[in-house]
Amino acid sequence: MLIDDVKGSLAALRVAIKNEQKVKTRSDMNVGDIVYQCMDRNDGLTLKGDYNTRNKYFVIVGKKSNGDAIGLCLINSDLDFYKENPNRQRFQYILKQADYPAILKKDSRLDCTELVEMKTRKSIAVKAEVVGHLTAHDESKVLPLVASSDYVGEHQKKVYKIAR
């Protein structure tokens with residue numbers, strides 16, 4: 001059965017929800033938040049083909065004391081990316097699609113070997129959206145995993161308050 005929305009109520013609700021998700025200030029982004037944002041090579045992405053930008057999901061795993069920058073880990077759908085590199089593979093955390101059905105199309109991995117640093121003003125400028133938050137279980141596993149990662153420098157961990 002098709003629902004007729006003559007007054008446009010559903011469309012207006014969708015717009016209101018999208019506006020609510022948009023990052024407007026640095027306080028809109030917190031550790032554990034899942035963010036959807038347009039990123040580019042300046043953000044540390046390796047882009048293939050003719051692409052100059054890519055919309056990516058990431059998880060905020062740290063934040064500077066003054067809130068002007070965040071430390072984040074990217075979500076990737078290729079579960080086998082580090083299959084041949086067991087040292088990096090152990091710092092990949094699997095996010096289950098069933099726990100994030102509105103965000104993930106399939107089980108995906110959070111790459112905790114690379115901490116991407118980003119100014120919060122960039123997220124505001126590109127109209128990033130906070131689309132969710134890690135489950136309590138995932139957050140309790142991810143943050144210590146990033147803190148123990150051999151690939152994230154001790155200085156970065158200190159700056160972004162990432163502790164064991």
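Colleague: What order do the elements run in, from the N terminus on?

Modeller: Keep in mind that this is a predicted model. The protein has five helices and seven strands. From the N terminus on, they run α-β-β-β-α-β-β-β-α-β-α-α.

Colleague: How much of the protein is made up of buried residues?

Modeller: Let's take the surface before the inside. The accessible surface comes to about 10000 Å², and 51% of that belongs to carbon and sulfur atoms. Out of the 164 residues in the protein, the buried share is 38%.

Colleague: How many disulfides does the structure hold?

Modeller: Take Cys-73, which is buried, with a relative accessible area of 0%. Its closest cysteine sulfur is in Cys-112, 4.6 Å away, which is too far for a bond, because a disulfide needs the two sulfur atoms within 2.5 Å. For the structure, the number of disulfides is zero.

Colleague: And Cys-38: is it buried, exposed or partly exposed?

Modeller: Buried would need under 20% relative accessible area, and exposed would need over 50%. Cys-38 has 26%, so it is partly exposed.

Colleague: How far apart in space are Ala-136 and Gly-32, C-alpha to C-alpha?

Modeller: Ala-136 sits in helix 4, which covers residues 136–148. Ala-136 is exposed, with a relative accessible area of 65%. In sequence, Ala-136 and Gly-32 are 104 residues apart, but in space their C-alpha atoms are separated by 9.0 Å.

Definitions and conventions: Residues are numbered from 1 along each chain as its sequence is written. This is a predicted model: local features need pLDDT of at least 70, side-chain atom pairs count only at pLDDT 80 or more; totals for chains, interfaces and linings use all residues. Side-chain values use heavy atoms; hydrogens and water are left out. Buried means under 20% relative accessible area, exposed over 50%, partly exposed in between (1.4 Å probe, protein chains only). Helices (H or I, at least four residues) and strands (E, at least two) are DSSP runs, numbered from the N terminus. Accessible areas come from the Shrake-Rupley method with a 1.4 Å probe; for residues, only the protein chains shown count as cover.
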